[in-house]
Amino acid sequence: MNKIFFVLFFLSVSIGACKKGFLDREPYTAVPVATAIKTVEEMGAAVNGVYASLRGAGIYGRTIPIMGDLMADNVYISTQNSGRYTVQNNYSTTVVTAEPDGIWTGLYSVIKNANLIINADIPASPLTDVARDQFRGEALTMRAWAYFDLARWFAKPFTVDANAIGVPILLDFDQNAKPSRESLADVYARILADLNQAFSLMTQTKSSAYITKYVARGLQARVYQHMGDWSKARDAALDVVTNSGFTLVTASGYVSYWRNPAPLTNKVETMFELSLDAANNNGTNALAYIYDPAGYGDMLATTSLFNLHTATDVRRNFFVPGTRAGQSVFYVSKYANGNSVDKDDVKMMRLSEIVLILAEAYYRLADETNARLYLNMIATRRDPSFTGYTSTGTQLLEDILNERRKELAFEGFRFQDFQRLNLVIDRGAQAPAAARTITTDNHRRIQPIPQSELDANPEIGQNAGY
Amino acid sequence: MMRKLFLLSWLCCIAAIAMAQTKTITGKVTDQKTGTPLPGVSISVKGTQLGTTSKEDGSFSITIPSDSRALVFSYLGYGDEERSIERVNSLNVSLSEGEGRKLDEVVVVAYGTQQKKEITGASTVVKSKDIANIPRTSVDQILQGKVAGLQSITPTGQPGAIQQIRIRGIGSITAGAAPLWVVDGVPVNTGDFSRNTTTTNALSGLNPNDIESVTVLKDASATSIYGSRAANGVILVTTKKGKAGKSRIRVDSEVGFSELANYPDNGKVLNAAQWLELTREGLVNVGATQAQIDNIMNGYGVNSGVDTDWLDLVTRRGGQQQLNVSASGGNDKTTYFLSLGYFKQEAPVIASDFKRYSGTLNLTNKFSERFNIGTNLSISSVNQHTPSGGGAFANPIDAVYFLRPTQNPYNSDGTLNISRVGNVNFPADYNPLYIAENDDKSMNNLKIFGNINAELKLLKNLRFTSRYGVDYFNMVENVYNNPFHGDGRNAGGRIAFNYTKVFNWVFTNQLNFRQGFLGEDLILDAMVGYEAQESKEKNVDARKEGFPPTLELNAPTVAATPALFIGVGADFAFESLFSNMSLNYKNKYVLTGSFRRDGSSRFGINNRYGHFWSVGAAWNLDQEEFMKNISFISAAKIRGSYGVNGNGDLANYGWRPAFSYGFNYNGQPGGTFNQIGNIDLTWELNKPFNIGVDLALFNNRINLTVDYYNRKTSDLLLNRPLPPSIGFTGTLQNVGAMKNSGIEVTFEATAVRTRNLTWVTGFNFSNNKNKITRLPGGEFPDGSFYRKEGKDFQSFYVRQFAGVDPQTGDPLWYVDATKQTTTKIYTDAQRIIYSSASPKYFGSFNNTLTYKDFSLDFQFYYNFGNHVRDQWAGSLLDGQLPSANKYAINLRRWQKPGDITDVPKYQYNVVNSSSSFSTRVLYKGDFIRLRNITLGYRVPQSILNRIGFASGQFYVRGFNFFTKTFDERLTFDPETGVQSLANLTIPLSRTITFGLNFEF
């Protein structure tokens, strides 16, 4: 009889039970973070993850480009609206407003993921070093991009006070960190260092959905522009225009260029865009959907912006007259695929912008001939009937800024131009009565450090006025 | 290795105690009434595991230690009988039918059975007669009102729906609050595993007619041996087993129908004339011009003559049917129980039904005198049709309210209308009749469930038991939306397929030891065991769109475009050591203790194993000499317990710092560090204290049990905010605390007992008080609730409605809690913490009247002290959404100055928030329901004998027959789930069944 017992006993201690690791259950969709990036291939997948998070509607997928036009003079919100971004339209932001919280949280999440890639210890190998350096360069560029926008949205303009308080700099993950804000100069130094390193690491060009070395260089031009360091801005922009191999889109191809929802490999115009395809997109939270009258249709172009366009300007095609809430309005059709399966990609950098930075830099460096050359490179391409600007002095500067306004409309640039130039914003009569003229001392031009950060981090300081 | 040594050393030290002399006793067991021999009666030596069963002719023979004092005879449906065997060698015993003496019962407890006298914890047993033949789809629904301290709530009338069970209050904020279910010793997965069905219930695969008993364990002494899963209570289910003796076949059959139960008049909708009048009045009230009014009214079909009663169209008389056939029997070596079951229930709403086919085989074999083997095996197939719920256009109940009475269900040729042009057709919403006819939303669950077990008597007082149990199911959900009308129209027809497979196995090994000391005055009962459990879930979800333009085909293959493919899984494992012990001195003083060491994959690596324990004591006063003379006391017991257990119902992988894939980019796979995890994360801690009294008076004619409990839960999982600049906004930590305390009373009395008439009456009562005691992150509003230290977890956070201005008809709200001033501006009124969604007390009244062969049973269920919220009042009251139909309560709206009413002026497209969440749409949740009333007739023994039947009974049963509510403003039945939130679910049904059962 005891043999039965021993059979049972043997079974009881052998089946499954005493198996080592019995309680270690790995999830089906995740790996332990500590060992997530061991190979170049895993590094590449992690880089894809950061691109995917940049796409988020709380940052570059919608909020950042919308706020960049709405808080300036390009866009206003219809009285018939879905309730989105009305706080920004009214200039009534507080510490609990969702959008600055979303930008802050979203960009620092990008930084956390980029840090994981940048700090990944991938052994050197002649077979994979090129890919590893490329991925590290892409991650460094994305981290720089995030810090640049944190600095632009949450701190004073660098051109106003380079030693103003900036944002926390985190270069690796520490779950117990209570970071404090670094000076703006330190933040910009970090951005430039990352971009320099990125430029030297990257050698590959995949498609417009991925960062290349000249995207890093182009971003550097944009950063120097915001710092007012015009000779460096000129050098960086000129490097892109001369050496990158990208070309400008023609007038006849301009509309179809914007209609195309897919990334490009022909190096025409788009230097970098975030891919939103049929499988991975923002659905009804897409940038396109909030402009599209068949979507929310909340965002309307201001009359002042429309009036800048000549009748032969190809960009005028993007203003679609309509009626909303009993008013004659201009809908925006720059993003045409809000209701398509494949959604519009989010343009992060186009050659036109770099050319206009170059024009502005030459103007600031008192080379008006070259300033006009590059300004007209854009202006005459967009309006084939236009023979080009001949202006000089401050009129030339105004023409450059107006050309920027037209060329980069609805892409989120306009507000930051007002910021770096420290100009009063005249939003026109279509803006809410209480928020038509935004003086340079309006504290809401700088976003508040969100309540969620203040609550959890005693080391952080708030911006003035909140 | 430590574990093996531990088990072995236990074995050795126990073996040393065991040897003694023996003697043999023979005799016969008969039925007291008829004198017929009773086979299969279980005969055991009191205070030991030793025992045998009577043979075919009722005779028995048992060899026992010579120092044994008494034998206990027990038989299903008969009272236990205890006989002294000192200086006795033969014994004839007759047993009488009935419940037996309450305090002598043997009841199923955690990891075994126990005599009631030895129990120190709070537990309640529900027997098969109260579970079988009830027109409910699962046993958890049947438990409503049967157990003090157990709240069982139906959140929807969908057949096969999840049932919400809370034992002794809600004990968690973010983790699970449902009890652990253990069926035949196997902890099973319960809950709703569906992803695309409105509601399902894993327990609905278990046929309630196969259940012998349910034991609900409530306090530390009863539950702590289940360690980290005991905090929300434990429910033990034991299925029916065969008995040695004559083979018996039993048939239970019933048919009936279900219709809408309590449906308050105020919650019905308006007919066309009423609705059109209201709409016109609303337009006038907002100053619309005659031209505007005519334009809108014409659009709504003012002269169309259409007057559709959507409630009537989507409801029906649903069929109800049950058929259960079982065979049982066996001999002294082998017993069996075999059953087949069929259950069908149609809701009183179209496209909502449930069917179950089930089969059970329970076998035991006495391999030798010392070795038993057995198996319990059950297979079931559940088919369920479930319409979309809540605010979905495809929900027929949504359609009742949101469709206008002027929308036409039919075309002039009698076909179903699906035109999308114009307001008398379906421009946005759906024709529910077309959806019910042409869409399919179904679920099939194939469940295989059971265990194999073996028991070896190593020594006369040492027993080794091993059990391997499996709980497997395979769920397939199919949702087809036709290409012409409804959810599938934009996609050109759509099919979604969701596949779920769960394999859960549990391997349990235990050693039981029972030994008397001091000449049986002191009995030691000890058990030690080891258990491992692994549950694996696999999911596949797929979707295709673009069907051919026909209603004939819905196979995914014919659809053009793949739209979704998801495959994922979820696993967990537990590994445990456990032990309990009881010391019983002369049945007077009982001391118990339990211990469990639990490890789980759900706990962070820093806190992977936890230790849980309990101590309990009982004093059976009736055994004391000084009580023996008090003749009216049949039994009296005081018991108390305290202990520590846990709630391990956490997310499977929540503690892991994880880098997750699925963040894909440009057609390439991508991953991010998206879960910060917490390697310290662990179970929530529960410390229940219980003190109780059991009393049986006047020869057991009166039974009373009273318990007081106080359970403190701590280490509740809450989100601790982190600075977003580090890349995460928060992490779950074990930081919160909560307290539940209350009183439970169970009373039963045989008020009348004469030759022809008996009347048994009783009630149970539960009261629970919940309080959040620690919220380190501070108080916060959470939807319509407010979480604050010192307040009930489910306290509402609501503006106070102050009535209607008699002059203007405008709604008024109180500005603040003082109720001194009112405002017409909704947002100017402060929200206050108000009442709770949890009842203050609930329970039932039960009565059984038997006159000769007739019997009448009725049970009232009651629930008092909570408020219930209408989630859809905003749209269905007043003019906020004028395109929808309205609750009939809008008929008593303010119409002219001087009108005194609580329903404001009807204004078309009103924006004053009159119907938004306020105390106006928060109703008293109090109700009393006649849950069950059964009139039965038992065929007399004389007739049965003539036709050769063992028993026969006919009955007619009404379920949810009558409901009394206490708030006349209610627009729905107040039984709306734990959160007390009405959400356009399938309404509760009232069922009437006619049944018969017989046995031969």
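**Figure 1. Antiparallel pairing of β1(A) with strand β30 of chain B in the predicted model.** In this predicted model, β1(A) and β30 (residues 658–661) of chain B are joined by three bridges and run in the antiparallel sense. A:V31 has B:F659 as its bridge partner in β30(B). On the chain B side, β30(B) and β31(B) are likewise antiparallel, with four bridges between them. Within that pairing, B:S660 is placed opposite B:T672 of β31(B).

**Figure 2. The open sheet of three strands formed by chains A and B.** The strand order is β1(A)-β30(B)-β31(B), and the pairing is antiparallel. Two strands lie at the edges, β1 of chain A and β31 (671–675) of chain B, each of them pairing on one side only. From one strand to the next, the twist averages 35°. Strands of a sheet are held in pairs by backbone hydrogen bonds, in either a parallel or an antiparallel arrangement.

**Figure 3. The side of chain A that touches chain B.** Contacts between the chains involve 56 residues of chain A and 53 residues of chain B. At least two residues of this side of chain A come from each of α1 (2–14), β1 (30–32), α2 (40–54), α5 (98–118) and α17 (451–456). The element that gives the most is α5(A), with eight residues. By residue class, the side of chain A that touches chain B comprises 34 nonpolar, 14 polar and eight charged residues. For the model, the scores are ipTM 0.93 and pTM 0.88.

**Figure 4. Helix α16 of chain A and the elements packed against it.** Helix α16(A) spans residues 414–421, and its buried residues are A:R414, A:F415, A:Q416, A:F418 and A:Q419. In an α-helix there are 3.6 residues a turn, so residues three or four places apart point the same way. The packing partners of the buried residues of α16(A) are α3 (63–70), α6 (129–154), α15 (393–407) and β8 (425–426), which belong to chain A. Just after the helix, A:N422 adopts a positive phi of about 55°.

**Figure 5. Chain A as the setting for the close-up views.** Chain A contains 17 helices and nine strands. Its radius of gyration is 25 Å, close to the 23 Å that the globule rule gives for 466 residues, so chain A is as compact as a globular protein of that length. Along the principal axes, the C-alpha atoms of chain A fill a box of roughly 105 × 55 × 45 Å. Of the 466 residues in chain A, 50% are buried. Among contacts in chain A with a separation of 6 or more, 70% link residues 24 or more positions apart.

Figure 6. Most residues other than glycine have a negative phi. A:Y85, a residue other than glycine, has a positive phi near 60°. This tyrosine belongs to the loop between β2 (75–77) and α4 (86–89) of chain A. A:Y85 counts as buried because 22 C-beta neighbours lie inside 10 Å, the threshold for a buried residue being 20 or more. B:K586, which is not a glycine, also has a positive phi, of about 55°. The loop that holds B:K586 runs between β26 (561–585) and β27 (589–600) of chain B. B:K586 counts as partly exposed because it has 14 C-beta neighbours inside 10 Å.

**Figure 7. The open sheet of three strands β46-β45-β49 in chain B.** In this sheet of chain B, the strands follow the order β46-β45-β49 and the pairing is mixed. The edge strands, β46 (922–924) and β49 (981–982), each pair on one side only. Strand β45(B), residues 867–870, is antiparallel to β46(B), with three bridges between them. B:V868 is located opposite B:Y923 of β46(B).

**Figure 8. Prediction confidence along chain B.** The average pLDDT of chain B is 92, and 96% of the residues score at least 70. In residues 1–20 of chain B the pLDDT is below 50, and this stretch has 17 contacts in the model beyond near neighbours in sequence. Residues 99–103 of chain B also have a pLDDT below 50, with 18 contacts in the model beyond near neighbours in sequence.

Terms used
Residues numbered from 1 in each chain as written. Chains lettered and ligands numbered in written order. Predicted model: local features only at pLDDT ≥ 70, side-chain atom pairs only at ≥ 80, totals over all residues. Buried ≥ 20, exposed ≤ 12 C-beta atoms within 10 Å, placed from the backbone. Contact = placed C-beta atoms within 7 Å. Nonpolar A, V, L, I, M, F, W, Y, C, P; charged D, E, K, R; others polar. Pairing = 2+ DSSP bridges. Rg over C-alpha atoms; globule rule 2.2 N^0.38 Å. pLDDT = per-residue confidence, 0-100. Axes fitted to C-alpha atoms, helices over the stretch in contact; angles between N-to-C directions.
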